[in-house]
Amino acid sequence: MGGSIDGGPGRWLGHSNWTRRELLSAAGKGALLAASAGGLISILDACGGGSPSSSGGGSKSAGKGPVNGSLAFSWWGAGERNTHTQNVINLFQQKYPKVSVQGVAVGNFTTYWEKLTVEAAAHNLPDVPQMQVRYMQAYDTRNALRALDDLVASGAIDVSGIPKVIVDSGRGPDGKLYMIPTGSATNNWTYNETMVGNAGMKAPPVGSWSDLQKWLLAIKDKLPHGVYASDLLGGSDDAVWWAWVATHGQPVFTKSGKLGFSKKLMVDYWNWWETLRKAGATVPASMVSEESTNNADTYLALGTVAFTESPANQIGAKQAPLTAAGKGTLKLAPFLKTSQGNGQVLVNNGMSIAANTSNLASAAAWINFFTNDAAGAKAYASDNGSVSVTKLLNAQIADPTVLGPGVLEYLQFMKQVIANQPTIIDFPPNYNAVVLALGNNYSNVSFGKASVASAVDAFFSQANAAATS
Amino acid sequence: MTIGNGAKVAGARAQGRRRGRWLGADGPAAYLFLTPWLVGLVGITLGPLLASLALSFTHYDLFNNPVWVGLANYQQMFLGDPTLLQSIRVTITYVVVSVPAILVLSLALAMLLNRGLQGLTVYRALFYLPSLLGGSVAIAVLWKQVFGTDGMLNQVLLVFHLHGPTWIGIPSTALYTLVMLNVWQFGATMIIFLAGLRQIPQALYESAQVDGAGIVRRFLHITIPMLSPVIFFNGVLGLIRAFQVFTSAYVISNGTGQPAGSTLLYSLYLYQQGFADYNMGYAAAMAWALLVFIAGLTGLAFLTARFWVFYGDQG
């Protein structure tokens, strides 16, 4: 039986003169080498060396110069947002015909940051990457972004129309400005006003955590079959967790990036959710990982829950499917504000300039245009956070004809939030790892794989380890 | 006899000289044609491979220069990382269930197709199709839909008045949906089995039948031994592939390894370390530990092969 594999289907293997032993042995070894190497290549693709320097400079002409050449700009989003962004790019290129903006949209939010990380590792960030306060420190503390203070001082970027609290959200731990906030956003409660009314209940009492819990426990039996009072947000949502910590008067993070609050506070927080989950007031734990990240397919948008946390700027996208299905109207409600702290946290979006940019003048001009140009702001229609320049925000509220559904409500909501001194959190550079630890450990609790106390211990251990890694 | 041997030696020397001249004349041209492959091998495979080995002894956050930490990453792996242990447990369960399952299913189908079926090429192509699609993100997304609360599986169960759970949302079943996705890609394994089955001489079966051997005996005493090199080959390849599965776990759990860490495969945790925790030195150490483990396992398989793999060319 020393025949070769050379007949019938064996032909596709290619070689007709080898013995079976030779062929199988060689193929096995080849496969091992290829497989082992393949597993490593993905890591190595991201490996670069050296570290870029972030330049500041103090010249009065910093960032001023000919606006021309190619400018790479990347953002997260899809559909309508891409259309809005492209419209602004077109207006900018009309004003500066010698510049060509190479826009790159990444549809998935998580993928956007992964892509940016790889690009930063290769010192190949786009000239202007869209940025968010939760992730900015990962880049500015590692010298991947250019400090923008000199561009503001020279007038290349004008931030005079933006409230100070918003501008300051773009500063790194060294006090330098690394992001020009272009859209203010916040997380908050959103509930289905129609469902709540049909259940014979008043609006959720968002003034106290215990009142809110009682309200959720009370409404759960008054909702139609298959509709839950709330999403289960103990691990899948970081914003409610910040609000819990901030309203108990403790910092979410220390200056060194470790968790800044007590373990007891975290135990209380997860117990608050566990009480609701065990009573059936939230969706079961098994439904958490199944929930889509696409706004139109979230449980709130599908009418599966009556109440959840949802960033104010998503109200339009989540209202649309509810309207189409005749399942009610959404309403925004703020997080709690106590004498100890404000649960509303600013999670601003903005634009940064890469340390590796070779077209500083065009990058500065683009950010300045996006931030301050009236026609540009109108074209973007506050798609990713309420426009940060107060004058432009007021103009959009006064003339909401260009705004999408639900946008006017969230602009008015944001105006209140900003006037109410929202909390600013100094997110650590490895915030991603903290979010992962939050989700994984609460998942263990909600499936009965860990006690609340042991999950809190593990969460603290993992989150604090991430701060020092 | 001596003269004859001498002639053979002389002939071999002459052949060697001819080969040498051939290489001498065309060698540069051969190397020129090989250059793209050599550049790829050194630049894309060997270079990064060695670089990752060096990085595994460093703290490297992707942005700044790596800092030498010696064996710290390996020490942390073996002594201070409970999440790694969890991912190893999940991965071993995945491998232990999915590799035998794919071998059994593909062998069964190969034997079915080997019975002189009409339209064999069509069936072969159809069964092979999932192997081409199976590793893709699109199929993993589809899988998420199939095993969701309102997914295809539960719709089928509903016909029998059974209300299925969300298979991907429960820790006890989530991993097995990934196993099924792996098993679904049985086509390549099946084609290799089919090739092996066709190499078994029919005379053996006919003789056994004349001696009164039934189907089971013929399968156990002819098919399995004669097919053992192919089983060995498919098994080793399946092990290597299964230990490195990433895409399906990443897509189905949104990159988290949830619910309750039940889909946190080794490669997914490695990815999290590298790209969520910016801990690329540790991720590189994990990659090398996996490489050494797979190499060891493959070596063990080759060592034990002499006891159960029948190549047919043994004395």
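His161(B) is exposed, with a relative accessible area of 70%; exposed here means over 50% relative accessible area, buried under 20%, and partly exposed in between (1.4 Å probe, protein chains only). This residue is a friendly way into a predicted model, in which local features need pLDDT of at least 70, side-chain atom pairs count only at pLDDT 80 or more, and totals for chains, interfaces and linings use all residues. Residues are numbered from 1 along each chain as its sequence is written, chains are lettered from A and ligands numbered from 1 in the order in which they are written, and side-chain values use heavy atoms, with hydrogens and water left out.

**Backbone features in loops**

- His161(B) has a positive phi of about 60° although it is not a glycine.
- The loop that holds His161(B) runs between α6 (152-159) and α7 (171-184) of chain B; helices (H or I, at least four residues) and strands (E, at least two) are DSSP runs, numbered from the N terminus.
- In chain A, Gln421(A) also has a positive phi, near 50°, and is a residue other than glycine.
- Gln421(A) sits in the loop between α16 (407-419) and α17 (431-446) of chain A, and at 55% relative accessibility it counts as exposed.
- Back in chain B, the peptide bond from Gln258(B) to Pro259(B) is cis, with omega near 5°.
- Pro259(B) belongs to the loop between α11 (247-252) and α12 (266-276) of chain B.

**Chain A as a whole**

- Chain A contains 18 helices and 10 strands.
- Of its 469 residues, 54% count as buried.
- Among contacts in chain A between residues at least 6 apart in sequence, 74% join residues at least 24 apart; a contact means heavy atoms within 4.5 Å.

**Helix α16 of chain A**

- With 13 residues, α16(A) reaches 18 Å from its first C-alpha to its last, close to the 18 Å expected at 1.5 Å a residue; the expected span is 1.5 Å times one less than the number of residues.
- Which residues of α16(A) are buried? They are Val407(A), Tyr410(A), Leu411(A), Phe413(A), Met414(A), Val417(A) and Ile418(A).
- Seen down the axis of α16(A), these buried residues fall within an arc of 165°, so they line one face of the helix; the arc is that of the directions from the helix axis to the C-beta atoms.
- An α-helix has 3.6 residues a turn, so residues three or four places apart point the same way.
- The buried residues of α16(A) pack against α6 (164-168), β4 (180-184), α12 (315-325), β8 (330-333), β10 (386-387) and α15 (390-398) of chain A.
- Turned away from that buried side, the other face of α16(A) carries the exposed residues Gln416(A) and Ala419(A).
- Gln421(A), with its positive phi near 50°, follows α16(A).

**Salt bridges**

- Over all chains, the structure holds 13 salt bridges, each being a side-chain nitrogen of Lys or Arg within 4 Å of a carboxyl oxygen of Asp or Glu.
- Asp149(A), Lys164(A), Asp168(A) and Arg171(A) are linked in a network of salt bridges.
- Lys164(A) is exposed, with a relative accessible area of 62%, while Asp168(A) is partly exposed at 27% and Arg171(A) is partly exposed at 27%.
- Elsewhere in chain A, the side chains of Lys264(A) and Asp268(A) meet in a salt bridge (2.9 Å, N to O).
- Lys264(A) and Asp268(A) are 4 residues apart in helix α10 (residues 263-278) of chain A, so about one helical turn separates them.
- Lys264(A) counts as exposed at 58% relative accessibility, whereas Asp268(A) is partly exposed at 31%.

**A nonpolar surface patch on chain B**

- Leu85(B), Ile88(B), Ile92(B), Val96(B), Val97(B) and Tyr176(B) form a nonpolar patch on the surface, with about 490 Å² of accessible area together.
- Patches are made of residues with over 30% relative accessible area and no salt bridge, with like charges joined within 9 Å and nonpolar side chains (Val, Leu, Ile, Met, Phe, Trp, Tyr) within 5 Å.
- Helix α3 (residues 82-113) of chain B gives the largest share of the patch, 5 residues.
- Ile88(B) lies in helix α3 of chain B and is partly exposed, with a relative accessible area of 31%.

Note on methods
Accessible areas come from the Shrake-Rupley method with a 1.4 Å probe; for residues, only the protein chains shown count as cover.
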